[in-house]
Amino acid sequence: MKVQEIQAKSILRKHKKIDSWFISHYGMNLYRGCIHNCIYCDGRAEKYQVTGDFGEEVAVKVNAIEILNRELDPKRNRKPFKRSFMMVGGGVGDSYQAVERRYALTRQALELIHKYGFATHILTKSTLVERDFDIIKQINASNRALVSFSFSSVDDEISRFVEPGVPSPSERLKTLERFKAAGIACGMFLMPVIPFLTDSPQLIEMAVEEAKRVGLDYIIFSGMTLKSGQQKDHFIQHIRRQYPELEAAYESIYPGNQWGMATKEYYDSINQSFHRIAKQYRMPTRIPSHLFNDILDEDDKVLVILDQLDYLAKQAGRRSPYGYAAYSLSQQKRPLGELRGHLQRIKGIGRVTESIIHEILDTGTSRYYDKLMYG
Ligand code: SF4
């Protein structure tokens with residue numbers, strides 16, 4: 001592993017609108033690059049401009065904590081922070097990869113999150129997160145912490161091949177069990193499932209079954225993207241070595257486009273399997289509203305629930321105007337409370353959507369949403 005120490009100019013990334021997958025307005029990357037070296041990692045794709053040998057080198061933003069302290073301090077910000085979970089993880093480097101043992105940037109970031117009174121959502125593949133059990137428990141007690149782990153399956157053997165640098169799925173599940181036992185809400189990001197290796201209904205069901213056994217609060221599911229260039233070349237090289245007979249199959253479902261999307265037929269088929277199984281196990285497939293109702297302000301609560309409703313309705317094979325409605329609302333300058341009674345004047349909001357919005361404003365949820373989420 002080669003470590004390069006770099007100076008960052010800023011750490012906190014603000015999203016244009018709240019992210020309904022992570023329930024977050026803000027994210028941060030403390031490291032750049034990732035020595036976990038998952039063979040499918042899209043951090044290798046040219047668009048992310050991670051320099052150096054991805055998987056072998058990592059850049060450490062050594063001044064990250066000093067900058068983050070400045071960025072999070074409410075006294076230095078003219079605009080108040082939008083209420084949501086501060087996202088730690090995701091992006092192009094795991095916050096708990098091995099260098100974190102030495103630099104402890106993630107731990108210090110969590111200490112700042114606690115000091116300034118924010119909720120946090122941590123996403124990782126590494127059991128090193130257990131080192132920070134104490135501070136995560138404190139954040140959870142005063143605001144809230146969500147701990148999510150990503151998995152491509154719960155099969156230890158396949159994981160050794162596709163994710164050579166991370167603890168096995170069994171170990172990740174044990175860590176989740178410990179966080180759950182401490183009363184912390186936890187979830188599984190079953191993403192990406194790897195075509196032809198971890199996307200069978202049997203393996204998907206094993207993952208959902210394990211999530212249920214551990215008592216996880218949600219599973220978020222997604223298929224793999226494979227962007228032409230370094231990401232695809234690296235992945236195919238490994239497949240050629242281990243499963244040469246599969247190479248042609250990958251070429252057939254990844255025809256090559258700038259987003260690295262597989263064919264619609266392929267995504268439809270794995271989504272259908274996942275949703276059938278999740279429904280059977282009554283497992284929420286988005287972070288459910290009871291975990292963010294008291295964290296978000298009224299407007300964001302409506303946006304997130306509409307966005308999630310869009311996903312849930314489409315997965316159930318129903319028509320959905322809700323995603324567009326959420327987008328339209330996010331463009332409004334005035335708060336929703338002031339628009340109440342006139343919502344149908346906004347593009348994309350009809351009578352039914354308006355009544356759902358009113359219900360969310362009055363009760364914090366909607367019966368239709370609950371029905372689709374919990375079955
Ligand atoms: S842990 Fe995440 S960021 Fe790191 S190599 Fe694996 S997929 Fe990429």
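How closely do the axes of helix H6 and helix H7 come, and at what angle do they cross?

**Entry 1: basis.** I am working from a predicted model, in which local features need pLDDT of at least 70 and side-chain atom pairs count only at pLDDT 80 or more, while totals for chains, interfaces and linings use all residues. Residues are numbered from 1 along each chain as its sequence is written, and side-chain values use heavy atoms, with hydrogens and water left out.

**Entry 2: H6 and H7.** I looked up helix H6 (residues 169-181) and helix H7 (residues 201-214), and found that their axes come within 10 Å and cross at roughly 30°. H6 is therefore roughly parallel to H7 (angles under 35 degrees count as roughly parallel, over 145 as roughly antiparallel, 65 to 115 as roughly perpendicular and the rest as oblique). I note that axes are lines fitted to C-alpha atoms, for helices over the stretch in contact, and that angles run from 0 to 180 degrees between N-to-C directions. Helices (H or I, at least four residues) and strands (E, at least two) are DSSP runs, numbered from the N terminus. I recorded the crossing of H6 and H7 as right-handed (the near helix is turned clockwise from the far one by less than a right angle). On the H6 side, Leu 173, Leu 176, Glu 177 and Lys 180 make the contact, and on the H7 side Glu 210, Arg 213 and Val 214 do so (contact means heavy atoms within 4.5 Å). By class, I list three nonpolar, no polar and four charged residues here (Ala, Val, Leu, Ile, Met, Phe, Trp, Tyr, Cys and Pro count as nonpolar, Asp, Glu, Lys and Arg as charged, and the others, Gly among them, as polar).

**Entry 3: H11 and H14.** I then turned to helix H11 (residues 298-315) and helix H14 (residues 351-363), which pack at an angle of about 130° with their axes 10 Å apart. The two are therefore oblique to each other, and their crossing is right-handed. H11 contributes Glu 298, Val 302, Ile 305, Leu 306 and Leu 309 to the contact, and H14 contributes Thr 353, Ile 356, Ile 357, Ile 360 and Leu 361. I class these residues as eight nonpolar, one polar and one charged.

**Entry 4: ligand shell.** Which residues lie around the ligand? I found Cys 34, His 36, Asn 37, Cys 38, Cys 41, Gly 93, Asp 94 and Lys 125 (a residue is near a molecule if one of its heavy atoms lies within 4 Å of it). The shell has three nonpolar, three polar and two charged residues.
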